[in-house]
Amino acid sequence: MNPSPPSQRKTRGPRRWRAPRGWTTLSACLLLSVPVVALGVPDKVRIPIVRDHGAGDPPDAALFSHWDHDTFTCVSCHPSTFPQRKVGFTHDDMNQGRFCGSCHDGRTAFGPKDKGVECETCHVPTKKREIDEDDLWK
Ligand code: HEC
Ligand code: HEC
Ligand code: HEC
């Protein structure tokens, strides 16, 4: 038998660190965003196609808009979910909760299979104007 007394410090410790953690995230975001924004972040990014779209599938690659996601901070997605460069992935990856699927799973945000969601919401046709002068975050 080892009669070591229960430590109260250990159970209280983590709670005290919650506020400092928030500040760390905030300053990390500021540090991360300032130099990159200065280089110009594109609003719209076509996700590279890594698996062919078949006949009957939407022909255009999915389009991601930074501006449509401006309620998030950079560190919500970078570098945990996406590197800050073009990288390809598939619906199988998303169905496993990765990439867009970390949010677009039908719970946090609409999922590809939700009722009423059109494929073209993400697979935006190329004919729609993609690039304009507002496309760079300044
Ligand atoms: C939440 C955004 C989103 C929605 C909604 C969505 N897709 Fe995708 N889809 C993607 C992304 C991102 C890719 C990867 C890039 C690419 O190939 O376009 C992709 C890829 C694909 C591919 C390539 C093969 C594969 O398995 O990944 C097909 C086919 C496809 N989508 C079909 C559809 C169809 C059909 C719908 C509507 C039922 C749909 N998508 C709705 C985001 C979406
Ligand atoms: C909601 C998620 C999300 C947020 C928030 C986000 N990004 Fe991105 N970012 C992406 C995605 C998705 C891509 C494209 C990745 C790919 O092609 O697979 C991307 C690509 C980029 C790229 C590369 C673009 C290119 O064409 O090579 C840069 C630079 C970038 N992001 C910077 C930022 C900065 C700076 C912020 C904050 C101001 C930010 N991002 C916020 C999701 C996000
Ligand atoms: C960090 C979470 C997150 C990630 C990652 C993310 N999204 Fe979103 N996205 C959202 C939320 C939340 C909304 C708003 C949902 C709503 O209005 O129901 C949204 C909205 C959208 C919209 C609709 C924009 C509009 O206003 O019309 C599209 C299209 C979209 N996302 C595509 C994507 C694609 C493609 C990816 C991956 C390349 C992606 N998103 C990754 C959270 C995310």
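The shell around ligand 2 draws on two domains, with at least three residues from each of domain 1 (9–40) and domain 2 (42–130). These bounds come from an automatic or database domain assignment. The model is predicted: local features need pLDDT of at least 70, side-chain atom pairs count only at pLDDT 80 or more, and totals for chains, interfaces and linings use all residues. Residues are numbered from 1 along each chain as its sequence is written, while chains are lettered from A and ligands numbered from 1 in the order in which they are written.

Ligand 2 is surrounded by 20 residues. A residue is counted as near a molecule or strand if its C-beta atom, placed from the backbone, lies within 6 Å of it. H69, F72, C74, C77 and K86 are the closest to ligand 2. Helix 2 (18–39), strand 1 (41–42) and helix 3 (74–77) each supply at least two residues of this shell. Helices (H or I, at least four residues) and strands (E, at least two) are DSSP runs, numbered from the N terminus. By class, the shell around ligand 2 holds 12 nonpolar, six polar and two charged residues. Here Ala, Val, Leu, Ile, Met, Phe, Trp, Tyr, Cys and Pro count as nonpolar, Asp, Glu, Lys and Arg as charged, and the others, Gly among them, as polar.

Ligand 1 has 19 residues around it. A61, A62, T90, C119 and C122 are the closest. This shell comprises 11 nonpolar, six polar and two charged residues. Around ligand 3 there are 18 residues, of which F64, D68, C100, C103 and A109 come nearest. The ligand 3 shell has 11 nonpolar, six polar and one charged residues.

The chain contains four helices and four strands. Their order from the N terminus is α-α-β-β-β-α-α-β. Of the 138 residues, 4% are buried. Buried means 20 or more other C-beta atoms within 10 Å of the residue's own; exposed means 12 or fewer, and partly exposed lies in between, with C-beta atoms placed from the backbone.

F99 sits in the loop between helix 4 (91–95) and strand 4 (136–137). F99 counts as buried because it has 21 C-beta neighbours inside 10 Å. Beyond its neighbours within four places in sequence, F99 contacts T81, F82, F89, D93 and M94. Contact requires C-beta atoms, placed from the backbone, within 7 Å. The C-alpha atoms of F99 and S80 are 9.3 Å apart, with the two residues 19 apart in sequence. Across the chain, 54% of contacts between residues at least 6 apart in sequence join residues at least 24 apart.

Note on methods: Two residues are in contact if their C-beta atoms, placed from the backbone, lie within 7 Å.
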